[in-house]
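Please read them with the structure open.

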Amino acid sequence: DQLGRRENGKTLLDRCDELGLTVMAGIWVEHERHGFDYSNPEDVRRQRETVRAAVRAHKHHPAILLWGLGNEMEGPTSDGRDPRIWRELEELAKIVKEEDPSRPICTVIAGAAAGKIRALMRDYPSLDILGVNAYGGAAGAGAAAAAAGWTKPFILAEYGPVGHWEVAQTPWGAPLEPTSKEKAANYFGAHRGAM
């Protein structure tokens, strides 16, 4: 949504190009947990039109390195067993490749669960690059993807300190924040594991 927005007379992509940066241009893919229905043909049609329009509007810009289709649209706690989402991503990827066959497509999922990655490989073969968001398990995300059978390129898309959902809680349910030293160790471990 923001690629074409102008600030000081220039788009974000123009500014990136001036700075010698290239970007993964993210195209939002709707989440069922936010009310989207992958069983509703009208919802699916509108989303396909939105994806096609985004690629058409920006496909000639030199600052775009690759297309990002969705971020955790399977849900952060989903095991990835719902094939409708992966199959629809395959249809969206075909649209992107039809409009811009020169750039790869990345989709980012929450965590590197083997079942989710195998479902992607089965139902979304046009996916070129797997992106994984991982925090506590960031250091092992690439190895987990490979162990699940992933052989294409991999990106650790988000990582950082252990997430509030991954830590112990107080008796009243508040997450216990790791110390600065523990956070630094997690960053370091994620960096080493990704090398």
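1. In this predicted model, strands β5 and β6 run parallel and are joined by 5 bridges. One of the pairings sets alanine 110 against asparagine 133 in β6. Between the two strands the chain passes through α4, and this β-α-β crossover is right-handed.

2. On β6 there is also a pairing with strand β7 (residues 154-158): the two are parallel, with 4 bridges between them. Valine 132 has leucine 156 in β7 as its bridge partner, and asparagine 133 stands opposite glutamate 158 in β7. Here the chain goes from β6 through α5 to β7, again as a β-α-β crossover that is right-handed.

3. How many residues of β6 are buried? The count is 5 of the 5, so the strand is largely enclosed by the rest of the structure. Ile129, Gly131 and Asn133 point one way from β6, while Leu130 and Val132 point the other way. In a regular strand, side chains alternate between the two faces of the sheet.

4. Helix α4 (residues 114-123) has as its buried residues Lys116, Ile117, Ala119, Leu120 and Asp123. Viewed down the axis of α4, these fall within an arc of 160°, so they line one face of the helix. An α-helix has 3.6 residues a turn, so residues three or four places apart point the same way. The cover over the buried residues of α4 includes α3 (83-99), β5 (105-110), β6 (129-133) and α5 (141-147).

5. The largest nonpolar core numbers 41 residues, and those with the most contacts inside it are Leu69, Trp86, Leu89, Tyr124 and Leu130. Helix α3 supplies the largest share of this core, 7 residues. Beyond its neighbours within four places in sequence, leucine 69 is in contact with residues including Ile27, Val29, Val51, Leu89, Leu92, Ala93, Val96, Cys106 and Tyr124.

6. The structure holds 0 disulfides. Cysteine 16 is buried, with a relative accessible area of 10%, and cysteine 106 is buried too, at 0%.

Methods: Residues numbered from 1 in each chain as written. Predicted model: local features only at pLDDT ≥ 70, side-chain atom pairs only at ≥ 80, totals over all residues. Heavy atoms only, no water. Buried < 20%, exposed > 50% of the residue type's maximum accessible area, 1.4 Å probe, protein only. Arc of directions from axis to C-beta. Contact = heavy atoms within 4.5 Å. Core = buried A, V, L, I, M, F, W, Y, C linked by side-chain atoms within 4.5 Å. Disulfide = S-S within 2.5 Å. Pairing = 2+ DSSP bridges. Right-handed = clockwise from strand over helix to strand, strands pointing away.
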